[in-house]
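The following exercises concern one protein chain.

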Amino acid sequence: MTVDALTDVAGLRVGHATRIGDGWLTGTTVVLAPQSGAVAAVDVRGGGPGTKETDALDPRNVVQRVEAVVLTGGSAYGLDAASGVMAWLEERGRGVRVGPGPTHVVPVVPAACVFDLGRGGDFRARPDAATGRAAVEAADASAPGAAVAEGCVGAGTGAALGLLKGGVGTASTVLDSGYTVAALVVANAAGSALNAERGVLYGELMLGNDVAYPAAEVREAARRRLAEVARTNTLPPLNTTLAVVATDAGLSKAQAQKLAGTGHDGIARAVRPAHLLNDGDTVFAMATGDRPLDAAQPLALNELLAAGADTVTRAIVRAAHAATSVTGAGGTWPSYRGLYSGAV
């Protein structure tokens, strides 16, 4: 049975650590690989990324597998969350072995951050190593194939999707060939996910979903509300959409990098414009290798690439639907469902 989430790729687990209140509106999300690790790659297309250990994922470099991927709030400060994940892995002897002792390892934990500083009211309220440890512990404690919380949780807690409230979304698909492709997204874009004239999400239009279009008076009320938000919110539109695209196929690092690259197509279908200089859009790919890919058929990768892009788009749509409105000292971000009640 699938749960339409990243955890439908067997062996992957997801954990969130969420901080809300007393100036906090942020958090961290960890994707924990199986005990044997996962082949991983990255593609960065935003002009203002904040990342850690991404050079290790270059196919030319020595690292072959990673133990976890960290997505976090807190801008560059929040990358400290990865230190907590590394410490937890070190205690369990998971990582690249560099000595004879059981804990003589260096865990490879790539990370990327979104900008959410000050959105809870306190600029200094941001994830740290303890937040990362809490998130990886939550992932480890989850059952195999568990449902993944969406909306204003983990790294999506303080996310903004243009003028709307953003958050975490996830989705998966099982291809006719039997491979599973899934995505988890932190939707936090400077661009808009909303076609305000029609009152629907760009991603839903691109996916061809059945959409109940809001009535004209609902659309007009939403436009007025969004115009008010644009006038009153004072924080700069420094954002970033992050994604992890995963599969159970056996991929090389080069093939995984291609999967990460086409994942950006899914962002561009759901957010307009995407990949701006004040975004840090970053997509990771993870491949567990449970199902071999036919090396004699190099084009067999194509169906995974297409599915990865579509699944990223669907995850962004789900993030927008799952998000809840936030009003506080740091600003106001109405939710899509709050603005367009009844739109599906």
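Helices (H or I, at least four residues) and strands (E, at least two) are DSSP runs, numbered from the N terminus. This is a predicted model: local features need pLDDT of at least 70, side-chain atom pairs count only at pLDDT 80 or more, and totals for chains, interfaces and linings use all residues. Residues are numbered from 1 along each chain as its sequence is written, and side-chain values use heavy atoms, with hydrogens and water left out.

**Exercise 1. Work out the open sheet of 5 strands: what is the strand order?**

Solution. 
Step 1. Two strands pair if DSSP finds at least two bridges between them. Strands of a sheet pair through backbone hydrogen bonds, either parallel or antiparallel.
Step 2. The order in this open sheet is β1-β2-β5-β8-β4, with mixed pairing. β1 (13-21) and β4 (51-52) are the edge strands, each pairing on one side only.
Step 3. β1 pairs with β2 (residues 24-32) in the antiparallel sense over 9 bridges. R19 stands opposite T26 in β2.
Step 4. Axes are lines fitted to C-alpha atoms, for helices over the stretch in contact, and angles run from 0 to 180 degrees between N-to-C directions. Helix α2 (residues 129-141) packs on the sheet and touches β1 and β2, its direction making about 135 degrees with that of β1.
Step 5. Helix α1 (residues 81-91) lies across β2, β4, β5 (68-72) and β8 (111-113), and runs at about 155 degrees to β5.

**Exercise 2. Identify the nonpolar cores: which residues have the most contacts inside the largest one?**

Solution. 
Step 1. A nonpolar core is a set of buried Ala, Val, Leu, Ile, Met, Phe, Trp, Tyr and Cys residues joined through side-chain atoms within 4.5 Å.
Step 2. The largest core has 46 residues, and L161, L164, L251, L304 and I316 have the most contacts inside it. Helix α6 (residues 302-322) supplies the largest share of this core, 9 residues.
Step 3. I316 touches V185, A187, G266, I267, A270 and V271, leaving aside neighbours within four places in sequence.
Step 4. A second, separate core of 31 residues includes V42, A56, L71 and V244.

**Exercise 3. Examine helix α5: what is its span from first C-alpha to last?**

Solution. 
Step 1. The expected span of a helix is 1.5 Å times one less than its number of residues.
Step 2. α5 has 18 residues and reaches 27 Å from its first C-alpha to its last, close to the 26 Å expected.
Step 3. Among the buried residues of α5 are G266, I267 and A270. The cover over the buried residues of α5 includes β3 (39-44), α3 (202-207), β15 (242-250), β16 and α6.

**Exercise 4. Find the backbone exceptions: what is phi of D22, and which residues does a cis peptide bond join?**

Solution. 
Step 1. Most residues other than glycine have a negative phi, and most peptide bonds are trans.
Step 2. Phi of D22 is near 55 degrees, a positive value. D22 is in the loop between β1 and β2, and D22 counts as exposed because its relative accessibility is 79%.
Step 3. E53, in the loop between β4 and β5, has a positive phi near 65 degrees. E53 counts as partly exposed, at 31% relative accessibility.
Step 4. The cis peptide bond joins R272 and P273, with omega about -15 degrees. P273 is in the loop between α5 (253-270) and β16 (282-292).

Conventions
Contact means heavy atoms within 4.5 Å. Buried means under 20% relative accessible area, exposed over 50%, partly exposed in between (1.4 Å probe, protein chains only).
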